[in-house]
Amino acid sequence: MSDIRGALCLVLHGHLPYVLHHGSHPHGEAWLFEAAAETYLPLLEMIGAVALHRASPKLTVGLTPILLEQLANDRFKNGFADYLKERQAIAMADLAHFQSTGEKEFAPLAQRWVDWFEQKQAHFERIGRDIPAEFAARANEGHIEILTSNATHAYLPLLLSDRSIRGQMRAGVFSTKKRLGVTATGLWLPECAYRPASEHWMPPVIYKDARRRAGLETFFSAEGLDHFFVDTHSLAGAQWLGSSGRGQFQPASSAVEHSALALPGPLLPFGVASRPGAPACLAFARHPQVSEQVWSGVIGYPGSGEYLEFHRKRSDRGLRYWRVTSIGTDLGAKRQYAPEAVPGKCYEHAQHFCGVVRQVLQDFREQTGRSGVCVAPFDAELFGHWWHEGPEFLRNVILTLANDPHVRLLTSAEAIRAFPAENVLRLPEGSWGEQGNHSVWLNDRTRWIWEIEYRAEHRFLATMDRLDWPNHPAIREMLERAARQLLLLQASDWPFVIHTKGADDYGAMRFAGHATRFDRAMTLAEHLAQGQTLDRVQQTEIAEMDAHDDVFAEIDLRWWGED
């Protein structure tokens, strides 16, 4: 194995906020249907195609619990089947239009869409409309590793209480196990947002009392998770605490601290601890040079002129028939998509990507005498949805490196075993958002969200501690409804879309709706505790709440307990 330069770990983070029953187009269920058709099914197809070549993709795939809850829901299954039929009908109408109006050069593209949606529909029916089960099957075959996450992609560092962090984590791990039958050992940390322990953490809004908070790594470890991912800049602000090898921790000393600080980097996993001692968890950092080959708006492959243009459609809900042309070309001047030009360009980009990975690993080995692991995490929806040809790019990369004598493809769990972490770091507080801090999620436009969220957390925990719900099923069930709404309003997606103005009205409406239903469930729990019964109007309210937010059906209030 002396000729092995190192390994590549491809990490795809699949996530969408809860949208079932909450709008369709342009914001709502259409997001989920588009991602399923353009990303999740194509990824499963790609994994199967690679396996037929007797190779293993060794992808690390994050599927957030709230995404799994939706993909397993009958409303999604039936709605997605209808969506695929609708899209195929649009393609057939386009085909007839192009043939009758003299735009015959577009007719083959329309026929291509007809065939494409027909194939997706056949695939969906062939797997019994069960996308989560297919990902679980690929994991059981060893082709992929599944990452879990907290329940609703909550922004953990800013939650008011450690009990809320535990509730999010326990609900998420439970859902992953239930929906996939897989016990995950790795975590996708939403927004790569981390916070170390603090003796004097000050809530950013409302409350002005300093609080003792545990480091996030302790919550992950408590749920049986041993690794997660952070952005590269976290290493720049990290404090080296010492080394941990063969089960023994050796603290940093002034004599060796300077030289040891040169060791941690984005090509080796490292232990994470808030104080000197054995690490509670391990972490990987994103490799910037490798990752930017894909996501960079300047040099990223998806901006190549041959690929399908995402933003130009034939109508508001129509199909795409144009290519990127160039990133500076106005939408109206985009040229017709030419599928025959894509395979060669996609192969070229895959070979370039593999070359960058080889060079990075070779440089690291020459500098340190060691093999490294290059971690490249991306939003899964980039591949297929935003970048139509993305799954084909991944297929080329995987097949190329599967036969490479110098670079291994590994899942993150395999990489942990192959590259034992030696250094223990205290990571700084931060995220992968702009400026590396919390400002994307907490700012002047979103402060009101956190004020409401903090009041909701405080009310829920105080009421749960006060009411005798273990001995009163009706009170327990009402508090479970409140807990579900608390999980849903804590999603990081709502402040994110408000800040970016991508769907700010929708994000505000969704957060406010869950906050309102939370308040109503809490009030009704209080009424039940006082011996009141629910009248017909209140019963109707509860039925509507259950119908619209039918996820996390088996909530356990003990998830928010003190231990």
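The lining of the largest cavity in this predicted model divides into five nonpolar, two polar and seven charged residues. The volume of this cavity is about 150 Å³. It is lined by 14 residues, and those closest to its centre are Glu34, Tyr83, Arg87, Lys313 and Gly318. Helices α1, α3 and α4 are the elements that each give two or more residues to this lining. The largest share, three residues, comes from α1.

Helix α3, one of these contributors, covers residues 74-101. After the helix comes Gly102, with a positive phi near 85°.

The count of cavities of 30 Å³ or more comes to three. The second largest cavity holds about 60 Å³ of space. Its lining includes Glu38, Trp113, Arg320 and a run of residues made up of Gly384, His385, Trp386, Trp387 and His388. Leu308, Glu309 and Phe310 also line the second largest cavity. By class, this lining has five nonpolar, three polar and three charged residues.

Which residues lie nearest its centre? They are Trp116, His388, Glu389, Pro391 and Glu392, out of 19 residues that line the pocket. Two or more lining residues come from each of α1 (29-52), α4 (107-126), α11 (342-368) and α12 (390-402). Helix α1 gives the largest share, five residues. The lining of the second largest pocket has nine nonpolar, three polar and seven charged residues.

His388 lines the second largest cavity and is among the residues nearest the centre of the second largest pocket. Helix α1 gives the largest share of the lining of the largest cavity and also the largest share of the lining of the second largest pocket. Helix α4 gives two or more residues to the lining of the largest cavity, and it likewise gives two or more to that of the second largest pocket.

Terms used
Residues numbered from 1 in each chain as written. Predicted model: local features only at pLDDT ≥ 70, side-chain atom pairs only at ≥ 80, totals over all residues. Heavy atoms only, no water. Helix = DSSP H or I, 4+ residues; strand = E, 2+ residues; numbered from the N terminus. Expected span 1.5 Å × (residues − 1). 1 Å grid on protein atoms, 1.4 Å probe; cavity = no way out; pocket = protein on both sides within 12 Å on 5 of 7 lines; lining within 4 Å. Nonpolar A, V, L, I, M, F, W, Y, C, P; charged D, E, K, R; others polar. Points joined across faces, edges and corners; volume = space filled by probe spheres on them.
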